[in-house]
Amino acid sequence: NVPRRRAPSDESCTLSARVLRRQRMRSADVLAVGRSLLLRSVLPLPYLHLAKTGGSSVGQALAHAHASACKIHTSHIHLPECDKGRRSLAAYRVAIVEGAHRYARQKLLVDGLRRLRDVQSTLNSSDAAPRLWLSAVRRPEDWFYSAIGHWCSYSGHAPQAQSHSVACKPYSNNFSLGTLRSAKLFSIAAPSYYFRSGDFQTGALRGFFEERTWLLCALPQLGFLARVLAHVLQRPVSLRHDNVATWHHRAAFKRAVPWSALRRLYARDEQFYDWLTRGGPNASCVGRAESAELRSMVDILGRNSGLRIRWRDAPGPPSSNEMAP
């Protein structure tokens, strides 16, 4: 005789519903508290846009959502310039800043605060610090071929770049990594800041990991970063692939300059990306938050997206020992 399973009573069902409702209320409270902390800063939340890592798609999504957002050093995003026009920097909730972290910090915390203090003499440092920095990184091999394709599709053929256009002709005789070096790629005289050195992404992030609160994800989780922004802005932010360049010689370029010839130039980037994605796609976001409320807010948003955020307690980037396989 197999005992029959008892059906849950109306009372237990009601109790379960109450517990569930209470959990939802607690989550909503945590999300609200975290958002209010982010909005205390007079500066907008900075999204650090490393070239060719999806920042243009994020910026265009904010533009389509008519969000309170501005841009710095990103020409093709349809957002107002943060440092131009009549609106103060404090009028925006999000700033898309293309470039290295050091450049973004200069534009926001030095130049931006100087202008704000001109009109708000009571501004203090606790009002000024951005509460959360966001950014994304990309698999280095994909990043490089996307970057060279983008440059060769646009700037590489501009009149002022004709002396460097040899780098965009992989169909020519004896094309190789040496051809790129002769075109001054991987030097301070490179025709684009993309190629002034190797390890572009970790170089641009230098200083990012010393911020009090930050969140960094691998490119496949770009949608999650958009959901964090949507929560801050309290409006839907729908990502679409933007700034797509079609370069017809990409396959020929990859044959002439395979990744094996480039890998040592991006060894640090590759080691970092491998460390970031080591836990699989559902654990490829890492962050640091001094505020327990902000950490809880991001954790809840992550769980709602099927992600586990890997939190770091100490400031600074991961060490070589941490990133070792």
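1. Numbering the bonded cysteines of the chain in sequence order, what is the pairing? The pairing is 1-2, 3-4, 5-6. The count comes to three disulfides, a disulfide being a pair of cysteine sulfur atoms within 2.5 Å.

2. A word on the basis. This is a predicted model, in which local features need pLDDT of at least 70 and side-chain atom pairs count only at pLDDT 80 or more, while totals for chains, interfaces and linings use all residues. Residues are numbered from 1 along each chain as its sequence is written, and side-chain values use heavy atoms, with hydrogens and water left out.

3. The chain overall. It holds 13 helices and seven strands. Helices (H or I, at least four residues) and strands (E, at least two) are DSSP runs, numbered from the N terminus. Of the 325 residues, 49% are buried; buried means under 20% relative accessible area, with a 1.4 Å probe and protein chains only. Take the contacts (heavy atoms within 4.5 Å) between residues at least 6 apart in sequence: 76% join residues at least 24 apart.

4. The sheet. Seven strands form an open sheet with mixed pairing, in the order β2-β3-β1-β4-β5-β6-β7. Its edge strands are β2 (69-72) and β7 (310-311), each pairing on one side only. Two strands pair if DSSP finds at least two bridges between them. Strand β2 runs parallel to β3 (residues 94-98), with four bridges. Lys71 stands opposite Ile96 in β3. Helix α2 (residues 55-64) lies across β1 (45-49), β2 and β3, at about 150° to β3. That angle is taken between N-to-C directions on a scale from 0 to 180 degrees, with axes fitted to C-alpha atoms, for helices over the stretch in contact.

5. Cys70 and Cys82 are joined, S to S 2.0 Å. Cys70 is in strand β2 and Cys82 in the loop between β2 and β3, twelve residues apart. The link is right-handed, with 95° about the S-S bond. Cys70 is buried at a relative accessible area of 0%, and Cys82 is buried at 2%.

6. Helix α5. Is this helix largely enclosed or open? Twelve of its 14 residues are buried, so α5 is largely enclosed by the rest of the structure. Among the buried residues are Trp143, Phe144, Tyr145 and Trp151. Their cover includes α6 (177-182), α7 (200-204), α9 (250-256), α10 (259-262) and α11 (267-276). Helix α5 (residues 140-153) reaches 20 Å from its first C-alpha to its last, close to the 20 Å expected. The expected span is 1.5 Å times one less than the number of residues.

7. Cys152 bonds to Cys168, S to S 2.1 Å. Cys152 lies in α5 and Cys168 in the loop between α5 and α6, so the pair ties together parts 16 residues apart in sequence. The torsion about the S-S bond is about -85°, so this disulfide is left-handed. Cys152 is buried at 0% relative accessibility; Cys168 is buried at 1%.

8. The disulfide between strands. The sulfur atoms of Cys217 and Cys285 are 2.0 Å apart. Cys217 is in strand β5 (residues 213-218) and Cys285 in strand β6 (residues 285-289), 68 residues apart. The torsion is about 115°, so the disulfide is right-handed. Cys217 is buried at 0%, as is Cys285 at 1%.

How values were computed:
Buried means under 20% relative accessible area, exposed over 50%, partly exposed in between (1.4 Å probe, protein chains only).
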